[in-house]
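Hi,

Here is the structure for you to look over. My notes follow below it.

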Amino acid sequence: MPTASPPTSEGRAQRYGLRVVALGYLALLLVIPVAIIFVRTFEDGLGPPLEAITSPDGQHAFWLTLVCVGIAVPLNTVFGILAALVLVRQKFRGKMILNTIIDLPFAISPVVIGLALLLVYGRNGWIGQDLLDAGIQVIFSTPGMVLATIFVSLPFVVRETMPVLQEIGDEQEQAASTLGANAWQTFWRVTLPAIRWGVAYGVVLATARALGEYGAVSVVAGRISGETETLPLFVENEFTNFNLAGAYAAAIVLALLALVVLFGMNIFKRKESDA
Amino acid sequence: MAANDATVAPPPRVSIRFPFGGELLSRGVVTLWLTVIVLIPLAAVLEHSLQDGLGEFWEAITEPESVAAIRLTLISSLIIVAVNATMGTLIAWVLVRDDFRGKGIVNSLIDLPFALPTIVAGLTLLALYGPNSPIGANLAYTKAAIVLALLFVTLPFVVRAVQPVLIEVDREMEEAAASLGASRRRIFRSVLLPNLTPAIVAGCALAFARALGEYGSLVLITGNIPFETQVASVYIFGRIESDAPTSAAAVSIFLLVLSVALLFALNLVAKWSSRHANG
């Protein structure tokens, strides 16, 4: 990288100082704490963490997490692409309001999101009793946890897709349309390929949030071990029951998933800026 | 467009048919989804907070325990905003202007707090700053632990806001200032900082909004001691558990209005500054 002015010794010292401060801060805040968790988890060998994670409760938590993510992320992906198209390609009254509402899940505390669902679907909520009478339990059960996951991961795909749609413009869609393609053909062959990396980036972010959501899910789950416990809730439960090996092991699983997400983020971000 | 291009007429704009069943249907589906998932639940919180009248609402948010929780939340959020403004800008500067081995890895590490589940964040901080701290720094169940956890989860906001601006910034101005004899400190303060300020403010606002509502990373590390380490989100959770949803809803609405107002103000500032930059 060419630097225009020749570095003076004073400049070099300053630069070195700033680097030490930045890296030291990151080490103390991020790197060392995460590293310690890895060391502590495996200090007694692979046995204890493996045992904790393959316990019935651990396994159930893992599958329940996948169920929540597996429902919430695809739904929000379809919604996200649709909402981005509507907000970028259409003109209508109330667009600003719609645009603002999409950001709300970012501005709201997870606990408040949980409370909100409780007040609609809980026993004393708006429609909770009616649903219970119909044999549908939402709160303290999987549907409520899925709803909480959908709520918290809602904005990601919209927010990552909108700028890409804006940037590509609609000339190619115009051309396809002039050449006789119908709306679906244009979408599948022209629009979707052009926005795919933006969508992929949004999906990765949404997945990370959905996998790790604790607050909102914790309020609606009622924490029944082996029943309404996702991996993040399992971590907390093991920790408060002084089962550190279990807490660390589940945390490691989540941390490894986070590393995969981080890797995905880097790839998709690069693809997006290359495209 | 030049006159000799007149023979080549611009292609006529055709109206593209909207996929997903046309404009109206798709717009309806998006509105319906947002209403069911987001708006109805939030309306339930608002209704519940006011169901016993404004007097009860006011009482719920001015009762000593909730005042203490809200105050603690605001103060810790302001502290982390100040630290993030400085450290976030500094880290962004190092990542853009400095060059060293492993910079790419450090750069991707910045996003770790967004990828790592919040409960795991709390657990990891407890490993270094908890009762079994290898460096003998036990901050568990203190106010310092709150600040630490909030710093962890909000780390990326300012860095990621400042970084792209710093890459784009025109270095000629800094070089001109240097050739006129300005000191490095002076160049930073009078040339670089004014360019970065909008990005720093934007990152800080996002960090502040996040800190106001943060819950997961605080659960394990703060110990939830009323009047001591109980932040607003933990207080709301406690109210829900002790079956006092009306008072939980009131404090929730207070938090909500605060962070929505903040994000709204941020949008206005962004619009204002982009208009002035272009004008």
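How many of the ten residues of helix α11 (residues 232–241) of chain B are buried? Eight are, so the helix is mostly covered, where buried means that 20 or more other C-beta atoms, placed from the backbone, lie within 10 Å of a residue's own. Those residues are A232(B), S233(B), V234(B), Y235(B), I236(B), F237(B), R239(B) and I240(B). Just after α11(B), D243(B) has a positive phi of about 60°.

A note on the source: this is a predicted model, in which local features need pLDDT of at least 70, side-chain atom pairs count only at pLDDT 80 or more, and totals for chains, interfaces and linings use all residues. Residues are numbered from 1 along each chain as its sequence is written, while chains are lettered from A and ligands numbered from 1 in the order in which they are written.

Now chain B as a whole. It has twelve helices and zero strands (DSSP runs numbered from the N terminus: H or I of at least four residues, E of at least two). Its radius of gyration, taken over C-alpha atoms, is 24 Å; a compact globule of 279 residues would be near 19 Å (2.2 Å times the number of residues to the power 0.38). The C-alpha trace spans about 80 × 60 × 35 Å along its principal axes. Of the 279 residues, 42% are buried.

Chain A has 13 helices and zero strands. Its radius of gyration is 23 Å, well over the 19 Å that the rule gives for 275 residues, so chain A is more spread out than a compact globule. Its C-alpha trace spans about 75 × 65 × 30 Å along the principal axes. Buried residues make up 49% of the 275.

Best wishes

Terms used: Buried ≥ 20, exposed ≤ 12 C-beta atoms within 10 Å, placed from the backbone.
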